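Subject: Structure for you, with notes on its pockets

Dear colleague,

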Amino acid sequence: VLCDFIARGLALTHRPFDMVELTRTTLNVAQTPLLWVMMEKQCPAEVQQKLVDYVKSGGKLALVGRLCEADFHGEPCPILKDALGIQQIASDEPFTQNPINAFHYTDVPAAFVESYTGDFDEVFARRANGETVGFIQAMGQGTVLFFGAALTAETLEDLDILHQMAVRLGCAPLFQLSSWADVRLSVGDNGRFLYLNNYQDDPIDTTITTQNEPLFDGRSIHLPARQGLILPLEWRLNDNVTIHYATAEITGISEDNNTIVLSTRPSTCTAAVT
């Protein structure tokens, strides 16, 4: 759940993240306004209480997995369960596949499915029989989103389920693309580079925006099937030349007296240079 759904899902929906060790971290809403946690049936009381206090003070918490009911010694420990107002839990056997409905998607393959009984603010995922699998609940000044199932983010539909969960918590992606591609931003002292990868079997053309501002002056980027590009943004080539952007990858640089020649892939592109 932690790697296949949360980490992969956040990365592929263009949401950069840091990781924390909950047993050693003091959760501060100002430093960590939103927290994604993989949950299992056992969790120490101090961690459960830390999460409850975090949400009550204004944090936004996404819990994915199965709700903890005991500590690591097997003793009953329903701190989170009681704080969420959950009355009953129905758990499938581990690794048992059962379809669920999430947002507008139906018959989504899932494992480790749990359903919950309680008075929830919003329900976004259910079993086929209508029992609640995913819900949103206000707690103090904050919000908890709980998703009691395990998915692998292997399809665009799986990714959209995580995306919709993130949207419900106000977790916006760093980039928006007209056609999906994998995006990473590398930042250095002399500029930035945007890593674009098309993992699909067909070429795509996509425009890219960040914080509602278009990159590359709104020009579309062409990505061949199963290929990628590394595109410069505000790259200071030297003291006299800055490449504000280029819609192709810079593959070579040669200088001769007062002339600089840039080689690109593809061979034609649009660039803004000072």
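**Pockets and their linings**

In the second largest pocket, α4 (156-168) and β10 (176-177) each supply at least two residues of the lining, where helices (H or I, at least four residues) and strands (E, at least two) are DSSP runs numbered from the N terminus. This is a predicted model, in which local features need pLDDT of at least 70 and side-chain atom pairs count only at pLDDT 80 or more, while totals for chains, interfaces and linings use all residues. Residues are numbered from 1 along each chain as its sequence is written, and side-chain values use heavy atoms, with hydrogens and water left out.

A pocket here is an open set of points, on a 1 Å grid over the protein atoms alone, where a 1.4 Å probe fits and with protein on both sides within 12 Å along at least five of seven lines; lining residues have an atom within 4 Å of a point.

The second largest pocket has a volume of about 240 Å³, and of its 13 lining residues L12, T13, H14, H163 and W180 lie nearest its centre. Its largest share, four residues, comes from α4.

The largest pocket has a volume of about 890 Å³ and is lined by 33 residues, with D18, V20, L35, W36 and V37 nearest its centre. α1 (2-12), β1 (34-39) and α2 (45-56) each supply at least two residues of that lining, and β1 gives the most, with six.

With best wishes

Note on methods. Grid points are joined across faces, edges and corners, and a volume is the space filled by probe spheres set on the points.
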